[in-house]
Amino acid sequence: ARLKFKLDPSAKPKIIDITVSLGIQKDANIEGIYAIKGDELKICAKVFGKDRPAAFESADGSSVALIVLKRATP
């Protein structure tokens, strides 16, 4: 899949919108929030549906994905 990202860093929490532009889920929109702190990027997004998460959490059985990426030290 090919993804397009749209960020709004002025929102509280910061907003990320992801649009699938190629593949089986073409034109699907994923709404989420993000935070950057030091070497860590957190993205929390509703994979199915349009309800943007309000907090960085993903309960078991929910369609909310929480991704935490950490920069590797060289």
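**Entry 1: strands**

I looked up Glu 31 and found Lys 46, in β4, as its bridge partner. The model is predicted; local features need pLDDT of at least 70, side-chain atom pairs count only at pLDDT 80 or more, and totals for chains, interfaces and linings use all residues. Residues are numbered from 1 along each chain as its sequence is written, and side-chain values use heavy atoms, with hydrogens and water left out.

I took strands as DSSP runs (E, at least two residues), numbered from the N terminus. I counted two strands as paired if DSSP finds at least two bridges between them.

How many bridges join β3 to β4? I found 7, and the two strands run antiparallel. They form a hairpin with 2 residues between them. Gly 38 sits in that turn, with a positive phi of about 60°.

I then went to β2 (residues 14-22) and β3 (residues 29-37). They run antiparallel and are joined by 6 bridges. Thr 19 stands opposite Asn 29 in β3. This hairpin has 6 residues between its strands, and Gly 23 in the turn has a positive phi of about 105°.

**Entry 2: the sheet**

I traced 5 strands in an open sheet, ordered β1-β2-β3-β4-β5, with antiparallel pairing. β1 (2-8) and β5 (64-70) are at the edges with a single partner strand each, so one side of each has no neighbour in the sheet. Neighbouring strands are turned by 25° against each other on average, direction ignored. For that angle, axes are lines fitted to C-alpha atoms, and angles run from 0 to 180 degrees between N-to-C directions.

**Entry 3: salt bridges**

I used this cut-off: a side-chain nitrogen of Lys or Arg within 4 Å of a carboxyl oxygen of Asp or Glu. The structure holds 3 such salt bridges. For exposure, buried is under 20% relative accessible area, exposed is over 50%, and partly exposed is in between (1.4 Å probe, protein chains only).

Asp 17 and Arg 52 meet at 2.9 Å, N to O. Asp 17 is in β2 and Arg 52 in the loop between β4 and β5, so the pair ties together parts 35 residues apart in sequence. I noted Asp 17 as partly exposed, at 23%. Arg 52 is partly exposed too, at 29%.

Arg 71 pairs with Asp 39, the closest N and O atoms being 3.4 Å apart. Arg 71 lies in the segment after β5 and Asp 39 in the loop between β3 and β4, so parts 32 residues apart in sequence are tied together. Arg 71 is exposed at 61%; Asp 39 is partly exposed at 45%.

Conventions: Helices (H or I, at least four residues) and strands (E, at least two) are DSSP runs, numbered from the N terminus.
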